[in-house]
Amino acid sequence: MKKIIIFIITLTIFLIITTLANDIFFDNFESGNLSNWLIFGPGVQWHVNNTNPYSGTFHAEASPRSILGTILYKNISLIGSTNITIEYYRKLIGLDISDEWLVTVANASQLNVLESLGSGSANDANYIFKSFFIGQNFTNSSAITIAFMCITNAPNEYCRLDNVNVSGIILNPPDQTPPAISDALINASSPVAYNSFVKVNATV
């Protein structure tokens with residue numbers, strides 16, 4: 001009986017979290033470009049392709065042919081969000097022990113490795129779904145960086161990526177009511193308020 005009660009409570013919490021979860025960022029690459037992303041590295045860069053998407057028409061693909069690889073990354077604000085989950089579909093083709101697939105998430109104070117081939121290899125027949133709950137340490141972060149690194153050496157080795165989703169529970173939204181003119185004048189003339197503003201914006 002006790003186990004049943006614990007199961008019901010756990011299931012209820014899971015359903016509540018799932019129901020309340022909101023998409024913070026999503027990209028299925030159906031725009032046909034990577035304008036939402038940044039790219040780094042000397043290898044053949046990440047690009048959008050229509051060869052083999054998980055769904056839809058397009059997917060992101062890398063075949064850098066360089067030991068330094070290519071990195072696809074995105075900076076995302078998590079202000080006002082908690083219970084953050086990162087999900088995506090990936091397909092690694094022909095990667096051997098000299099290649100690498102590395103997925104990380106970082107903020108100003110820490111870096112977490114979500115996936116790494118390390119000394120392994122991969123040759124996926126189909127896309128593999130990945131889901132990571134990244135913990136409370138990233139809650140309400142002013143900025144996180146999600147990075148997908150692909151290192152390959154041969155032209156028939158590929159990293160493919162689709163349906164990248166960052167979701168979480170939105171905390172109480174900030175009050176959007178404009179301040180009264182008198183309040184605005186007081187805040188603007190306050191050295192403490194000004195210094196706080198400068199410090200906050202200097203770290204964004």
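Four salt bridges are counted in this predicted model. One of them joins Arg 160 to Glu 61, with the closest N and O atoms 2.6 Å apart. The two residues come from distant parts of the chain: Arg 160 sits in strand β11 and Glu 61 in strand β4, 99 residues apart. Both Arg 160 and Glu 61 are buried.

Another salt bridge pairs the side chains of Arg 90 and Asp 124, at 2.8 Å from N to O. Arg 90 belongs to strand β6 and Asp 124 to the loop between β8 (111-116) and β9 (128-133), so this pair ties together parts that are 34 residues apart in sequence. Buried means under 20% relative accessible area. Arg 90 therefore counts as buried at 7% relative accessibility, and Asp 124 likewise counts as buried at 14%.

Lys 130 and Glu 115 also meet through their side chains in a salt bridge, at 3.8 Å from N to O. Lys 130 is in strand β9 and Glu 115 in strand β8, 15 residues apart. Glu 115 counts as buried because its relative accessibility is 8%, whereas Lys 130, with a relative accessible area of 22%, is partly exposed. Arg 90, Glu 115, Asp 124 and Lys 130 are linked in a network of salt bridges.

Trp 101 connects this part of the account to the nonpolar core. Its contacts beyond four places in sequence include Arg 90 and Glu 115, as well as Trp 46, Tyr 88, Phe 148 and Leu 161. The largest nonpolar core has 33 residues, and Trp 46, Tyr 88, Trp 101, Phe 148 and Leu 161 have the most contacts inside it. Strands that each supply at least two residues of this core include β4 (59-62), β6 (81-93) and β11 (158-170).

Conventions
Residues are numbered from 1 along each chain as its sequence is written. This is a predicted model: local features need pLDDT of at least 70, side-chain atom pairs count only at pLDDT 80 or more; totals for chains, interfaces and linings use all residues. Side-chain values use heavy atoms; hydrogens and water are left out. A nonpolar core is a set of buried Ala, Val, Leu, Ile, Met, Phe, Trp, Tyr and Cys residues joined through side-chain atoms within 4.5 Å. Buried means under 20% relative accessible area, exposed over 50%, partly exposed in between (1.4 Å probe, protein chains only). Helices (H or I, at least four residues) and strands (E, at least two) are DSSP runs, numbered from the N terminus. Contact means heavy atoms within 4.5 Å.
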